[in-house]
Structure formats: C-alpha cells, structure tokens
Amino acid sequence: MAHFALQTILLYVALCFRVHQGQELQEFLPTFLKVSRNLPLQRLLVEWDVSDSAHKLELQMVFDIQVSRTEEMNIVWTEYYSTTLSKLNKTLHWSWDSEVPLECTSHSVRIRSMVNEERFSKTWSCWSQWETVLGLDTSDDNTPYLFPEDKVVEEGSNVTFCCIGGKDKKIEYFLFNYTDYYYPAANASQRNMVITVSKVWHAKEPGILAFCEISGKGSKNYKATLLFVGKPPDEPKDLSCDTPDMNILTCTWNPGQDTYLYGTYSTEYHLFERVSNRTFCSQKIAPHPEPNRCSWTIDQQMIYNLTLTAQNPLGKRSVNFVLDVAHRVHPSPPSGLSVEHTKATEVILYWNMEPKNKTIELLCQIEILHPSGQMELHNTSVVQSNSYQQIIQGDLQPYTSYAFRMRCGAAIHFWKWSEWSKTLTVRTIEAAPSGKLDVWREVTPFWGGRQVTLFWKPSSDFRANGGGISFEITWEKLEAASEPEHISIPALQNSTTISIDNHSYKISIAARNNINSSLPSVIIVSRMTENGTEEKFDRPDLGEERVNGTDDGIYISWNATNAFDGYIVDWCNFPRSEHCDFQWKRFSFNTSNCLINSAFIPGVRYSFRVYGLVVNEAFLLGKMVGYTKELAPSVDPQIEVTKMTSHSVTLTWDSYPINESQPGFIRGYHVYVKPMEEECSLKGSTGHALSDGSVLCKYTVENPEEKRYMLKHLMPKTTYAVAVKAYSGGGETPIDGYINVDTLDDSKIYLTVLLATVLFVLIIPVCFWKSKWVESWCCAEIPNPNKSKVLSSNGLKVNSEVLKPSDCIADTVVLDNTPEPNILQPWNHETILGESESKVTNPCWVYFVQNEEVDLPCTKSAREACASFDNLTYSPQTALRSSLYQNLWMSRTSDPQLSRLLYQPQHYIEILSKDTVTPEEEITEMEDSLRYISQMDLPPSEFKLSNLCSFTEPMEHSSYKIQTVLGSELVTSMSDEDLHSENSSTSNNSAALLLPVQL
C-alpha cells in the first residue's frame with residue numbers, strides 16, 4: 001500500500017515536470033523587473049525585459065501589470081500593456097501616476113506576459129516576483145512628513161494628502177484651507193493618515209494651506225504644505241506685430257484667462273521664428289495689466305513665420321503667425337503740438353514725428369473739438385523731414401476755445417492709426433459780436449406811464465466773439481423828436497426794467513465786447529390808449545382758450561396769416577413763483593402750431609400768449625391756458641348746510657376756488673350721499689360702489705360755477721353722510737371724509753305751522769284794536785249824519801237814519817234833461833276824452849234852492865227810475881283850485897263857502913278804474929288832500945233851482961245815493977252859457993248844486 005502511494009506521487013511529479021517543460025517552450029517570462037519613483041511628478045517608473053528569442057521574433061505581447069500598496073499588498077491598479085518587441089530596443093518601460101503620494105507608503109509591482117499571436121497558445125505566464133519601493137511609513141525616522149509638498153493641480157481635481165507621524169508618534173487631525181478638519185479612523189494606524197479632498201478650487205491668495213498636527217512623548221509637532229490650484233494656459237490671442245519706423249519689430253498678444261498660478265508656476269511664453277530657426281523671446285507672463293510683448297531689431301528679413309507657445313505645470317498651448325513687415329507700419333504718436341495765431345478765425349498748427357524715416361509717407365488726422373462737443377476730423381498727407389510739420393486750420397470762431405490732437409498712419413499699405421497725441425487747447429483771438437440778440441418785453445401800466453421789462457438772450461446766430469460783454473439799451477419816442485435815453489447792463493443780467501410815458505417808443509438792445517458792438521435788436525412799444533391798453537397790442541376782449549398737454553409738452557396753435565412776419569409765444573416756467581422764469585420762443589411766418597416742452601410740472605396751470613409780429617411791432621392774437629397733465633383736485637369743497645327740511649337739504653360750497661390754484665380744470669362736482677343704516681337708493685341718483693362693497697348715491701353738478709345743490713327725496717328724521725368732491729380732467733381723489741346731516745321731523749313742521757297760525761289769530765285782534773286806536777288818534781272824528789243839524793232845521797224830520805231827498809223841504813227842484821239817456825260809469829284817463837263825449841252827454845243837473853217848496857216831478861227813463869243825490873261834503877283841497885272845474889258856473893261866486901260844497905272826485909275815478917294803476921304814494925297823497933266839510937256848516941241861505949230838467953214820467957221816489965266819484969268830464973260837459981242862464985233866478989245868498997241824474 002505504501003509502495004503504491006509512492007509510485008503515484010512520483011508519477012504526478014514526473015507529469016508536472018513534463019508539462020512544465022512543454023509550457024516553457026511557449027512562455028516569455030518578464031525579467032529584470034525594476035521599479036523607481038519620480039517624486040516631483042509622483043510617478044512610478046517600471047522597467048523590465050523578456051528573453052532575446054522573443055525580441056528576435058518581434059512578437060506582439062501583452063503584459064498584465066499590477067500595483068499594490070502597503071505591506072498587505074492591496075492591489076490598487078491593474079493595467080494591460082500591449083507592445084511589439086523590437087530587435088534593437090530590448091528594455092520595456094511603463095509608468096503610473098499615483099494619486100497617493102509615493103512617499104506615504106510602499107508600492108509593489110509585478111508583471112506577467114502573454115504572446116498575442118495565433119501561432120502561440122494565448123496563455124499567461126507565471127507572475128514575476130513583487131518588486132517593492134518602500135515608503136516612509138516603514139522608516140524608523142522620528143521626523144513627521146506631509147505629502148504632496150507644494151503640488152500644482154488643476155481646478156476640480158481630487159487631491160490625496162498623506163500625513164506621516166514618524167516612529168512612536170500619533171496623528172491628531174488634518175486641516176485643509178483653515179476650514180476642513182479630518183481625523184484618523186478608530187481602526188486605522190495612528191502613525192500615518194491618508195486624506196482625499198474632492199474638487200479643489202483656487203483661492204484668492206496663491207497656495208492653499210494643508211496642516212497636520214502630530215503628538216508623541218509629551219510634545220506636539222506640526223507639519224504643513226501648500227497646494228497650488230490653477231488652470232492650464234489659454235491659447236495666446238490677438239497676436240500682432242508692427243514697427244514704428246521699419247527698424248524695430250514688436251509683437252504683442254493677449255494671454256487669455258487667468259491661470260491662477262503665479263511665480264515659479266506662472267505661464268512661460270516662447271516666440272520661435274521658423275525661417276531663421278531662432279527663438280526671439282522666452283519670458284514669463286507679464287503682470288496684469290502690463291501687455292505681453294516681445295521686440296527685436298529687424299535685419300534684412302521682411303517675412304516672418306512665428307510660433308508663440310504658452311506653458312505652465314498644467315499644460316501647453318501654441319499659435320502660429322506669418323507677417324510682412326512692410327504692411328505692419330504703426331507710427332509713434334505726433335509730439336510737440338503748437339499753434340500760431342494769424343486771424344480771429346484761423347491758426348497754424350505745428351507738430352513733430354519721432355523717430356523719423358523719410359522713406360515712409362504718412363497720413364495724419366487732425367481732430368478739432370468745439371466747446372459745444374461737436375468734433376471735426378481733417379486728414380492731410382505728410383512727408384517726413386527734419387523740420388516741424390505744419391498745417392493751416394481755418395473756419396474757426398473768434399474768441400473760442402478749441403482742443404486739437406493728431407494721429408498718423410502709413411499712407412501706403414495703411415494698417416492702423418498711431419496713438420493720439422497729447423491734446424492742445426487753444427483760444428482764438430477776439431472780434432466784434434456777430435448776429436443779433438433775441439429780445440422781448442412785458443409792459444405794465446402805472447399812473448402817468450408804463451414800466452417796460454426787457455428780456456434778451458442769444459439767438460441761434462449770435463456770438464459774443466470776445467470778453468468784457470455788456471448790453472447797451474437805448475429808447476426814444478416815435479411821435480416827436482426827443483433825445484434818446486441810454487443805459488448799460490452788465491453781462492450777468494438778461495433783463496431790466498425802464499419807465500416810459502404813454503407815447504410810442506423805439507427800444508434798441510445791442511451786445512458790446514472789448515472790440516465793438518453787435519447789430520441792435522429793435523422793439524416798438526405802441527402808445528397807450530385812453531382806456532389804459534396798449535394800442536395795436538392789448539386785446540381785452542380775448543378770452544383764455546384751454547389747450548391740451550401731454551408728457552412731451554403743451555400743444556399751442558393759432559391762425560397764421562400773411563399779415564405777420566412771424567410769431568412769438570411766451571410763458572412762465574414757474575407761474576406760482578415770484579421769479580417765474582419768463583420764457584419766449586419765436587416762430588416763422590408759415591408756422592401755425594408748436595409743442596412747448598419746457599420744465600413743466602404736472603398739476604400746474606401754465607398761461608401762454610401768442611403774438612403776431614409786423615416788422616418790430618407785436619399784436620396779441622390769443623391767450624391759452626393748459627396743463628401738461630391734469631391732476632385730481634387735492635382739496636375738497638367745504639360744505640355748508642344752508643337750508644333743511646324733512647325731505648330735502650341744500651348744500652353750498654361757495655368758497656371753493658376754481659382758479660389757477662387747482663391742479664386741473666374743474667369740470668364739475670360729485671355729491672355723494674350715504675344713509676347711516678342702509679345702502680342709498682334715492683330717486684334721481686346713480687349708484688357709486690366703493691372698494692369695501694358699499695354703494696353710495698351719486699349726483700353730478702356739471703357746471704363748475706354752480707356751487708349749490710339741493711338733495712331731495714330724503715326721509716324725515718334720518719341721518720345721511722354727505723360728501724362733495726370736485727373733479728377735473730385728472731379725475732377726483734377718493735372720498736376721505738363726510739359730514740352728517742339730520743333731516744327734520746314732520747311733527748316739527750306741523751308744530752311750526754300750528755304755532756304760526758295761533759300767533760296770526762292772536763295778532764289780528766290786536767292789530768284791529770290798534771288800527772282803531774291809530775285811526776282815532778290820527779284822524780278827526782267824523783260826525784254821524786243822523787245827528788246833523790241839517791236834519792233838524794227847516795222842517796226836516798228829526799232822527800232820520802239816512803238823509804233822503806224826500807225828507808227835505810226844497811224850495812225849488814229843477815231837473816234839466818234831454819231825451820237821450822246818459823250812462824254814468826267810472827273810467828280811466830285814457831277813456832275820459834274818448835268815451836265821455838259819446839256816453840255822458842247833456843247831463844241833468846239838480847239845483848237845490850232853500851226855502852222854496854217845489855214838487856219834483858220825475859220821469860222814469862231807462863233802467864233807473866229815480867234821481868240820485870251825491871254827497872258833496874268831501875272835497876279835495878287841491879282840486880278846488882283845479883282848472884278842470886273852471887267851466888263850472890256858481891250862482892254865488894262871492895260866497896266863500898260855496899267852493900267847500902263842491903266835491904271833486906276825479907282822483908277816485910283813477911283809483912277805481914281797472915285800467916289805471918296808481919302808485920301807493922300817490923294814493924296816500926290824494927287821500928291826505930281831502931278835507932271834510934261838516935253838514936252843520938252849510939250856509940243858512942236859500943238855495944234855488946231853476947230850469948229844472950223835464951221828465952216824461954213823474955219820479956216814483958227819491959233816495960240818497962252813496963257818495964259817487966265823478967270825473968271832471970261830467971262836470972264840464974255842460975256849457976257855461978247854460979249855467980249862467982240857470983243861475984239868473986237864484987238869490988244872492990243861495991248856492992247852486994249840480995247833480996247829474998241817470999235817466
């Protein structure tokens with residue numbers, strides 16, 4: 001059994017030996033493996049070889065390379081490296097960049113190979129032995145280390161740091177960029193520590209600090225390093241080369257974006273010329289903002305093929321450039337600019353060019369900067385010489401400052417201008433003022449004359465042309481020869497005021513400088529008319545027209561005619577200020593509108609006047625007012641309640657202004673009403689919704705002059721909130737306040753009417769009683785006719801209530817009558833003359849004769865069958881002397897009492913007439929002229945009546961007629977002859993009484 005086992009083992013060994021011998025014939029084991037480190041690049045370098053037979057066969061081979069770290073041989077990298085063997089080069093090379101600093105730990109490499117050809121079996125060879133490069137973590141040195149040291153990395157990279165504490169030391173923590181702390185793991189070695197920082201970015205200061213604290217045996221050590229984070233260089237931009245004089249060639253370029261690497265790690269530039277195989281420059285990047293440039297002397301070579309390379313630790317970029325020196329001439333800027341004055345409008349300009357090259361023809365450009373900011377450019381060709389170059393520059397303004405500067409370029413193969421020369425500022429010499437002033441005026445009347453305020457400003461063609469400016473003002477009368485008056489105004493003023501009388505004046509204004517005066521500007525001020533207005537100027541009949549404004553200005557228009565040479569519009573920029581900044585603007589004869597855009601403010605009313613100009617006289621054409629933008633009135637009307645009832649309230653706001661103090665034209669008013677307990681729905685109103693959802697009643701007053709409104713259809717004994725808002729073209733402001741109004745109670749109205757009625761009832765008896773008292777005190781007592789003495793004399797009945805003709809015992813009754821009936825009625829003055837003759841003709845007169853008893857036969861005629869007796873005891877005193885009754889014949893003219901019996905009623909006819917209206921004062925005067933004649937004062941003499949009128953029928957009865965007012969026409973309708981004939985039978989002591997009787 002043991003023998004059998006021994007045979008089996010020997011057989012297995014022999015078989016393996018044979019297999020091994022067969023594979024060896026097909027394997028090319030790596031030999032001479034060597035591993036080294038490039039610490040600055042943190043790169044692991046590997047070298048090895050294979051058998052000579054493999055090189056001779058020039059085999060294609062693949063090598064499997066493994067890299068491990070630490071003593072535990074943790075494989076961190078595996079790579080397949082393919083190559084074709086060469087007969088000449090037997091050594092093979094491979095490198096690997098480690099993320100972890102190579103100093104931190106040991107790194108080991110092993111390799112195996114395989115022939116990558118069909119004739120060979122594709123099997124891997126056996127691994128070579130591990131080749132190790134030791135790290136400092138295995139050293140017995142007590143010195144601490146921190147790696148990598150001063151490493152340069154690209155932005156966004158991950159960086160691994162290694163901190164080695166040394167023998168018998170312990171790492172406490174790792175700090176990066178003063179902000180990030182890292183601590184060793186609990187199960188890791190405390191002697192060394194590996195930290196990876198992800199995506200590092202450049203810092204404001206060059207270099208980022210990495211810090212490691214190490215402790216051991218009662219002491220602490222620190223180890224630090226810097227990490228430089230940046231970018232690879234950009235490709236150089238804007239590479240350009242030029243020469244100022246064909247002697248020196250200078251190239252400049254733009255390095256591109258910042259790499260954030262400075263000092264030792266900053267970008268280096270190399271300028272290489274391929275034709276001559278020369279390197280002209282090797283230099284670091286210039287500090288910002290210095291340009292990057294390279295210069296060298298030009299020899300016979302005119303064509304250059306240049307390569308510019310930029311390189312830093314993170315990369316390298318290059319650019320190529322080919323140039324012809326003859327096409328790259330860039331002159332130096334001109335120097336030594338100076339001028340020579342020849343005229344007020346011309347100078348000679350001198351300059352110099354350095355360095356000089358007579359073979360280069362130059363094109364120079366002169367820039368002239370005016371005070372207004374306008375810039376002029378003039379080009380001139382120049383051939384360089386040893387003397388100064390010069391050019392004559394004309395078309396300048398006198399006494400004006402100009403800024404000159406120059407630049408030049410090659411006239412042939414022009415490439416670009418030189419830099420500008422230094423600026424030379426020059427003022428031309430003085431001359432007399434040119435052009436005229438733009439002048440205007442305002443005339444203010446005062447007692448005995450006028451004040452004329454003159455304004456002036458430079459016109460578009462006016463130039464002072466010198467210093468020492470003043471303004472000369474001269475004025476003189478036009479109607480009569482007079483000595484001109486003259487004043488001089490300093491340059492700082494642009495207005496003045498002079499006083500003139502009411503005559504026409506010619507006013508001249510001119511500007512004067514140190515050399516001479518300008519042409520005068522003339523204004524004609526027309527004479528003052530009798531009504532205080534300026535002839536041909538003022539138009540009191542012109543009203544103000546409202547004009548529209550926009551954000552761009554206020555639009556003004558007028559009717560342009562051929563009668564005017566031009567037009568002027570004037571206004572004030574600040575109408576509410578004491579110094580209103582008076583302005584005016586001129587327009588040509590064919591202009592009929594303009595847009596005035598000045599320093600206008602929204603909500604301010606501006607007034608404009610438009611004048612037409614004929615020669616130097618002005619005629620007012622129109623007045624306009626307007627706003628650039630109307631605003632809502634800022635002040636609300638002050639409401640007063642002037643009248644109140646149970647169903648209406650009258651509101652007034654008379655003090656509210658609608659003048660220029662308002663920020664817009666007042667178009668009307670809105671009256672808002674709101675009951676305190678419910679929404680408003682008054683008749684005749686419109687609804688107005690507020691932001692809170694409540695609804696007010698709204699009334700509109702469209703006339704801004706109407707500052708009164710009556711609210712109707714209100715409820716009695718109700719409280720209403722009332723507000724009045726003025727509105728303009730800018731609308732109205734929100735309602736911010738109300739006044740409360742309480743309507744009256746109906747019972748109060750009824751109580752007022754009742755009290756007035758009771759008071760009236762009480763006053764009537766008092767007034768009646770007072771009227772009786774006043775009448776008895778002011779007027780004489782009127783006797784009772786029933787108690788007259790006449791009733792008790794000569795057989796008359798006593799105690800008669802009324803004096804009747806039948807009760808009287810008349811001596812004689814004479815009735816004079818005609819067959820024609822007479823009509824007696826009152827009439828006015830207009831009908832007295834016309835109707836009296838037709839309706840009252842041939843009246844009958846009754847004569848009463850005392851102590852004669854006569855039967856009075858009466859004939860019934862018409863509708864009245866009796867005679868009426870008038871009471872003649874009332875007679876106006878003034879009428880006794882009236883000429884209207886001079887035709888009345890009296891039987892006893894010598895009796896003074898006869899005139900008292902005559903009743904003159906013409907005044908009462910006028911009062912009773914419906915067609916006559918007599919003033920109350922006249923009626924009172926006529927009433928005062930009446931004089932009462934008592935019946936007891938009748939004369940006792942006998943009255944006789946003769947020539948009685950005949951009646952066809954006897955009179956049935958006679959009655960006393962209430963006092964009848966008779967006109968003078970009735971009295972005078974009887975002729976004087978009839979009166980004389982009828983008085984022949986009367987006695988001397990009797991009085992004739994004439995009474996008309998209707999038949």
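Reader: W48, buried or exposed?
Author: W48 is buried, at 1% relative accessible area. Buried here is under 20% relative accessible area, exposed is over 50% and partly exposed lies in between (1.4 Å probe, protein chains only).

Reader: What sort of model is this?
Author: A predicted model, where local features need pLDDT of at least 70, side-chain atom pairs count only at pLDDT 80 or more, and totals for chains, interfaces and linings use all residues. Residues are numbered from 1 along each chain as its sequence is written, and side-chain values use heavy atoms, with hydrogens and water left out.

Reader: How many aromatic pairs?
Author: 35 aromatic pairs. The rings of Phe, Tyr and Trp (its six-membered ring) pair if their centres lie within 6.5 Å; planes under 30 degrees apart count as stacked, over 60 as edge-to-face and the rest as tilted.

Reader: How do W48 and Y81 sit?
Author: Their centres are 5.9 Å apart and the planes are at 80°, so the pair is edge-to-face. W48 is in strand β2 (residues 43-49) and Y81 in strand β4 (residues 74-84), 33 residues apart. Strands are DSSP runs of E, at least two residues, numbered from the N terminus.

Reader: And what is the exposure of Y81?
Author: Y81 is partly exposed, at 23% relative accessibility.

Reader: What about Y173 and F211?
Author: That pair is tilted, because the planes are at 35°, with ring centres 6.4 Å apart. Y173 lies in strand β11 (residues 170-176) and F211 in strand β14 (residues 208-216), so the pair ties together parts 38 residues apart in sequence. Y173 is buried at 19%, and F211 is buried at 18%.

Reader: Which residues are in the cluster with them?
Author: Y173 and F211 form one aromatic cluster with Y181, Y183 and Y222.

Reader: Changing topic. What's the strand order in the open sheet with β45?
Author: β45-β46-β50, 3 strands with antiparallel pairing. Two strands pair if DSSP finds at least two bridges between them.

Reader: Which strands are at the edges?
Author: β45 (640-644) and β50 (708-711); each has a single partner strand, so one side of each is left without a neighbour in the sheet.

Reader: How many bridges between β45 and β46?
Author: β45 pairs with β46 (residues 649-652) over 4 bridges, in the antiparallel sense. E640 stands opposite T652 in β46.

Reader: Last one: what lies over the face of W584?
Author: K457, at 4.4 Å from the ring centre. A charge sits over a ring if NZ of Lys or CZ of Arg is within 6 Å of the ring centre and within 35 degrees of the ring normal.
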